[in-house]
Amino acid sequence: HMDFNMIHDVALNREWAVLFLQRQTLLNKFNTKINLEKGELGLPPELKKSLDLQSVRYLIADLPLNDPNLELIKTHQFSSKVNHVLFMANSTDSSKIPTEKAYLYQNKSYFPRITITPKSDAIYMNSQDKAGQPILEKVLSPEFDPTRQTIIEDTSSSVATRENNPFTANYKILSYEPQNIVVQVETTSDAYFAMSDTYYPG
């Protein structure tokens, strides 16, 4: 089950009636791949990077996950066998794979909740697609480095002059409350500050 960022305060009694955010819906199109011979799941590069960017630190699966950046830290034996339901791509067909355990993995390549990147390395884009498909493709591409780059969705912004001097940044969280966060930041040049915390009313 995934958390789809419900910010609309809508009472639900059907789990599939969640109001999806457009960009979260785009991320949800990435699916795990399955190796039927080994009975294990794999993460496509786009899916793995999207999890990293969302600072996903732990993953739970009912089949083993095969990824070099995932470390198995615990298994849990079910009281009885359950079925992993496999839905076929571009089809209404499905199949079932019996499984007896849950697997808890730690993601060793997740990105920190706070990133500070130099303004001179920002990438300016203005997508006509409200859902941001071109921007999402750029973010998930291998050449995009979120530890160094930030995408600004406004081509009218002034582009900073690229600097050759080393960029360093430090921060300290001074206070952290449900509705208020104070962070002290020091950088060697103009920079963008990003925090991955999601806002939930209430």
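Q: What makes the contact between Arg148 and Asp121 a salt bridge?
A: In this predicted model, the closest N and O atoms of Arg148 and Asp121 are 2.3 Å apart. A salt bridge requires a side-chain nitrogen of Lys or Arg within 4 Å of a carboxyl oxygen of Asp or Glu, so the pair qualifies.

Q: Where in the chain do the two partners, Arg148 and Asp121, lie?
A: Arg148 belongs to the loop between α3 (133–140) and β9 (151–152), and Asp121 to the loop between β7 (114–118) and β8 (123–124).

Q: Why is Asp121 called buried?
A: The relative accessible area of Asp121 is 6%. Buried means under 20%, so the term applies.

Q: Why is Arg148 called partly exposed?
A: Arg148 has a relative accessible area of 28%. The class lies between the buried limit of 20% and the exposed limit of 50%, and therefore the value falls within it.

Q: How many salt bridges does a search of the whole structure find?
A: The search finds 3 salt bridges. One of them joins the side chains of Glu100 and Lys81, at 3.9 Å from N to O. The cut-off is 4 Å, so this pair is also counted.

Q: Which strands hold Glu100 and Lys81?
A: Glu100 is in strand β6 (residues 94–107) and Lys81 is in strand β5 (residues 70–87). They are 19 residues apart, and the pair links distant parts of the chain.

Q: Why does Lys81 count as exposed?
A: Lys81 reaches 57% relative accessibility.

Q: What makes Lys48 and Asp52 a salt-bridge pair?
A: Their side chains meet at 2.8 Å, N to O.

Q: Why are Lys48 and Asp52 separated by about one helical turn?
A: They are separated in this way because they stand 4 residues apart in helix α2 (residues 45–53). An α-helix has 3.6 residues a turn, so residues three or four places apart point the same way.

Q: Are Lys48 and Asp52 buried or exposed?
A: Both Lys48 and Asp52 are buried. Other buried residues of α2 include Leu47 and Leu51. Just after α2, Ser55 takes a positive phi of about 60 degrees.

Q: How do you know that the buried residues of α3 are on the same side of the helix?
A: The buried residues in α3 are Gln133, Ile135, Leu136, Val139 and Leu140. They cover an arc of only 160 degrees around the axis, and therefore they lie on the same side of α3.

Q: Which residues make the nonpolar surface patch?
A: Tyr171, Ile173, Tyr176, Ile181, Val185 and Phe193 make a patch of about 500 Å². Strands β10 (169–177) and β11 (180–187) each supply at least two of its residues, and the largest share, 3 residues, comes from β10.

Q: What share of the protein chain is buried?
A: Buried residues make up 29% of its 202 residues. The chain contains 3 helices and 12 strands.

How values were computed. Residues are numbered from 1 along each chain as its sequence is written. This is a predicted model: local features need pLDDT of at least 70, side-chain atom pairs count only at pLDDT 80 or more; totals for chains, interfaces and linings use all residues. Side-chain values use heavy atoms; hydrogens and water are left out. Buried means under 20% relative accessible area, exposed over 50%, partly exposed in between (1.4 Å probe, protein chains only). Patches are made of residues with over 30% relative accessible area and no salt bridge: like charges are joined within 9 Å, nonpolar side chains (Val, Leu, Ile, Met, Phe, Trp, Tyr) within 5 Å. Accessible areas come from the Shrake-Rupley method with a 1.4 Å probe; for residues, only the protein chains shown count as cover. The arc is that of the directions from the helix axis to the C-beta atoms.
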